[in-house]
Amino acid sequence: MIKLLCVSLALAVTLVGVAKADADPDVKSLVAMSEKAAYYAGDDGRSMARMIIVDSQGRKQMRQFTLLRKDVLDESGVETGDQRMLVFFQRPTEVKGTVFRVEKHAALSEDDDRWLYLPALDLVKRIAAGDKRTSFVGSHFFYEDVSGRATKEDNFTLLPETDSHFVLRATPINPDSVEFSHYIVEIDKATYLPTLINFYKGEQNYRRVEAVKIDSIEGKPTVVRSKVSDLTSGGYTLMEFRGVAYNIGLPDSIFSERSLRTPPHAYLN
C-alpha cells in the first residue's frame, strides 16, 4: 500500500501502527498517514511469519521466516523515511538460511537496494530494480510488497468514500516500470491502514492484496493475517504473523552484509 501504500499490504503490513483519523484529510495527507501506518510503526520491529502458498491446482507450500525492520534517523534524530530490513528464512529445509535484505530509500531519485543470500551457493544476489515486481521466494507476494512501494511513484485521486473507508485511485508516474495500469486502495478511516488493494491492467482486475485480520498489539493496530490473490490463475498466498514486537532496540550494525552469513540470533527470537 506501501511505499503497501505502499502498495501492498505486504509483509510490512505486518509491522503496523496508527493514530486516530482526523476528519476528511486531503489526498496528500491521507497517503502520508496511510504509509506511516502501514510501514513505520515504532522505531523498529520484529515479526515471525508463516506463508502458505496455494497454486491454481490447490497444491500448497509453506515458508517460515522472521522479519526485522528499523527506521533510519538523520544526525539530529529525525526520521528520514529510509528504512532497513532483514528477512531470515527458517523453513522448509530447502530455503533455510536464505536471507532477504533491503535498504529502502525515501527519495524518488534513488532506487531501493535489495539482496538475496542463497546459502547453498554461499552467494549474495542483488535484486535488480526491474525485478522488484516479481515473485518473492515463489509466493504471490512481490519483492516490492515486502519492503513497500514508494507512494511518490504514483499519482493519487480520491474516489467516493464509504462509511468506513477512504477510496483512492493510484496511477504510476512511470508506467513502463510496472505491470499494472492503476490500482484502487481502500484505507480504513479509524486506523488509516490500507485494508484492500485491487490492481488493474486496463479494466481487468488481476491482482488483490488484502488485510484479513487486524489486532491491536502494544496499542498499535497491526495486520496479523494478509492475503495476496492472483485473480487470473486462482492461486493465492496467505501470510500469518505472530510474536510481533515494536521498539526492541535493534542496533544499526545488524543491518549489514555480515548478517546474511552470520544471523543476529539474539534478536530473532
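**Entry 1: Arg261 and Glu257**

I looked up the contact between the side chains of Arg261 and Glu257 and found a salt bridge with an N to O distance of 3.9 Å. A salt bridge here is a side-chain nitrogen of Lys or Arg within 4 Å of a carboxyl oxygen of Asp or Glu. Arg261 is partly exposed because its relative accessible area is 40%, and Glu257 is partly exposed at 44%. I applied these cut-offs: buried means under 20% relative accessible area, exposed means over 50%, and partly exposed is in between (1.4 Å probe, protein chains only).

I noted that this is a predicted model, in which local features need pLDDT of at least 70 and side-chain atom pairs count only at pLDDT 80 or more, while totals for chains, interfaces and linings use all residues. Residues are numbered from 1 along each chain as its sequence is written, and side-chain values use heavy atoms, with hydrogens and water left out.

**Entry 2: Further salt bridges**

How many salt bridges does the structure hold? I recorded 21. One of them joins Glu103 and Arg84, at 3.5 Å from N to O. This pair links distant parts of the chain, since Glu103 is in strand 4 and Arg84 is in strand 3, 19 residues apart. Helices (H or I, at least four residues) and strands (E, at least two) are DSSP runs, numbered from the N terminus. Glu103 is buried, at 14% relative accessible area, whereas Arg84 is partly exposed at 24%.

I then examined Asp145 and Arg207, whose closest N and O atoms are 2.5 Å apart in a salt bridge. Asp145 belongs to helix 2 (residues 143–147) and Arg207 to strand 11 (residues 204–217), so the pair ties together parts 62 residues apart in sequence. Both Asp145 and Arg207 are buried. Arg207 also lies over the face of Phe142, at 3.7 Å from the ring centre. For such a placement, NZ of Lys or CZ of Arg must be within 6 Å of the ring centre and within 35 degrees of the ring normal.

**Entry 3: Aromatic pairs**

I found nine aromatic pairs in the structure. Among them, Phe136 and Tyr143 are edge-to-face, with 5.6 Å centre to centre and 85 degrees between the planes. Rings of Phe, Tyr and Trp (its six-membered ring) pair if their centres lie within 6.5 Å; planes under 30 degrees apart count as stacked, over 60 as edge-to-face and the rest as tilted. Are Phe136 and Tyr143 buried or exposed? Phe136 is buried at 0% relative accessible area, and Tyr143 is buried at 8%. Ring pairs link Phe65, Phe89, Phe100, Phe136 and Tyr143 into a cluster.

**Entry 4: Strand 5 and its partners**

Why is strand 5 (residues 113–118) described as largely enclosed by the rest of the structure? The reason is that five of its six residues are buried. Strand 5 pairs with strand 4 (residues 99–104) in the antiparallel sense over five bridges; two strands pair if DSSP finds at least two bridges between them. Val99 has Tyr117 of strand 5 as its bridge partner. Strand 5 also pairs with strand 6 (residues 123–126), again antiparallel, over four bridges, and Leu118 stands opposite Leu123 in strand 6. Four residues lie between strands 5 and 6 in their hairpin, where Asp122 takes a positive phi near 50 degrees.

**Entry 5: Phe88**

I located Phe88 in strand 3 (residues 79–91). Phe88 counts as buried because its relative accessibility is 4%. The C-alpha atoms of Phe88 and Thr66 are separated by 5.2 Å, although the two residues are 22 apart along the chain.
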